[in-house]
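Here is a short briefing on one protein chain. Look over the sequence and the structure first, then read the points below by topic.

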Amino acid sequence: MKKVARLMAVVARIALWVSGIGLVLMTAFIAYQVLGRFVLNNTPTWTESWAVIIMGWFIFLGAAVGIREGYHLSFDVLLYVLPARVKNVLHTVSDLVIVAFGIGMIFYGWQLAEKTWPSTIPNIGITGAASFFSLITGGVLMVLFSIERIARRAAGMVTARFGETELPEEDR
């Protein structure tokens, strides 16, 4: 399980780097659009389309990593009065709900990509399905990271929870 945790840590780190680079790129594209519109009086039309596609990537990849690292808020009032064993069961149920949500993202994202594949985004000349690749990838990562959390818990390893624990350094 430790090897899987290290592999998932690498995947999460790559996803975070891609998210961070995407955030910087999106900011640069929008800044260029504003510069072009108000200073150069020549608005670049491609910047908005790329910014929206890039935004999908950093949102969905960041959300998936947030699941692995336990950064999402949760409603834990009931958990404070329950024994540890019941808490673990409820945490697993929560992770299974996230797995189901991730599967829905994959399934419906794939359907949307199939339906928009023949169309082209006019400003940038790529398939309309490109808008949904981030949804599918984010869903895959959410499923993988949630399954990892369930497996970690089953193996007696720590899983991060918002405001409670953090993953050990070697698992980040």
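His91 counts as buried, at 8% relative accessibility. This residue is found in helix H3. The model is predicted. The protein has 4 helices and 2 strands, in the order α-α-α-β-β-α along the sequence.

**Overall build**

- The C-alpha trace of the protein spans about 65 × 35 × 35 Å along its principal axes.
- The protein has 172 residues, and 37% of them count as buried.
- Among contacts with a separation of 6 or more, 67% join residues 24 or more positions apart.
- The accessible surface of the protein is about 10,300 Å². Carbon and sulfur atoms hold 71% of that surface.
- The protein carries 14 positive and 11 negative charges. Their mean positions lie 4 Å apart.

**The largest pocket**

- The largest pocket holds about 330 Å³ of space.
- Its lining is made of 19 residues, and the closest to the centre are Leu73, Ser74, Asp76, Ser94 and Arg161.
- Helix H2 (46-69) and helix H3 (84-116) each give at least two residues to this lining.
- Which element gives the most to the lining of the largest pocket? H3 does, with 5 residues.
- Ser94, one of the residues closest to the pocket centre, has its place in helix H3.
- Is Ser94 buried, partly exposed or exposed? Ser94 is partly exposed, because its relative accessible area of 30% falls between the 20% and 50% cut-offs.
- The C-alpha atoms of Ser94 and Ile150 are separated by 9.7 Å. Along the chain, these two residues are 56 residues apart.

- What does His91 touch, leaving aside neighbours within four places in sequence? His91 is in contact with Leu79, Arg153 and Arg161.
- His91 is buried because its 8% relative accessibility is under the 20% cut-off.
- Gly102 also has its place in helix H3.
- Gly102 is buried, with a relative accessible area of 0%.
- Which residues does Gly102 touch, not counting those up to four places away in sequence? They are Gly139, Met142 and Val143.
- Between the C-alpha atoms of Gly102 and Val140 the separation is 6.5 Å. The two residues are 38 residues apart along the chain.

- Ser134 sits in helix H4, which covers residues 130-154.
- Is Ser134 buried or exposed? Ser134 counts as buried, because its 2% relative accessibility is under the 20% cut-off.
- Leaving out residues up to four places away in sequence, Ser134 touches Gly56, Trp57 and Phe60.

**The end of helix H1 and the loop to H2**

- Helix H1 covers residues 2-38, and Asn41 lies in the loop between H1 and H2.
- Asn41 has a phi near 55 degrees. That is a positive value in a residue other than glycine.
- Is Asn41 buried or exposed? Asn41 counts as exposed, because its 70% relative accessibility is over the 50% cut-off.
- Arg37 has its place in helix H1.
- Arg37 counts as partly exposed, at 40% relative accessibility.
- Leaving aside neighbours within four places in sequence, Arg37 is in contact with Asn42 and Thr43.
- How many residues apart along the chain are Arg37 and Ser49? They are 12 residues apart, and their C-alpha atoms are separated by 15 Å.

Terms used. Residues are numbered from 1 along each chain as its sequence is written. This is a predicted model: local features need pLDDT of at least 70, side-chain atom pairs count only at pLDDT 80 or more; totals for chains, interfaces and linings use all residues. Side-chain values use heavy atoms; hydrogens and water are left out. Buried means under 20% relative accessible area, exposed over 50%, partly exposed in between (1.4 Å probe, protein chains only). Contact means heavy atoms within 4.5 Å. Accessible areas come from the Shrake-Rupley method with a 1.4 Å probe; for residues, only the protein chains shown count as cover. Lys and Arg count as positive and Asp and Glu as negative; His and the chain ends are not counted. The place of a charge is taken as NZ of Lys, CZ of Arg, CG of Asp or CD of Glu. On a 1 Å grid over the protein atoms alone, a cavity is a set of points where a 1.4 Å probe fits but cannot get out, and a pocket is an open set with protein on both sides within 12 Å along at least five of seven lines; lining residues have an atom within 4 Å of a point. Grid points are joined across faces, edges and corners, and a volume is the space filled by probe spheres set on the points.
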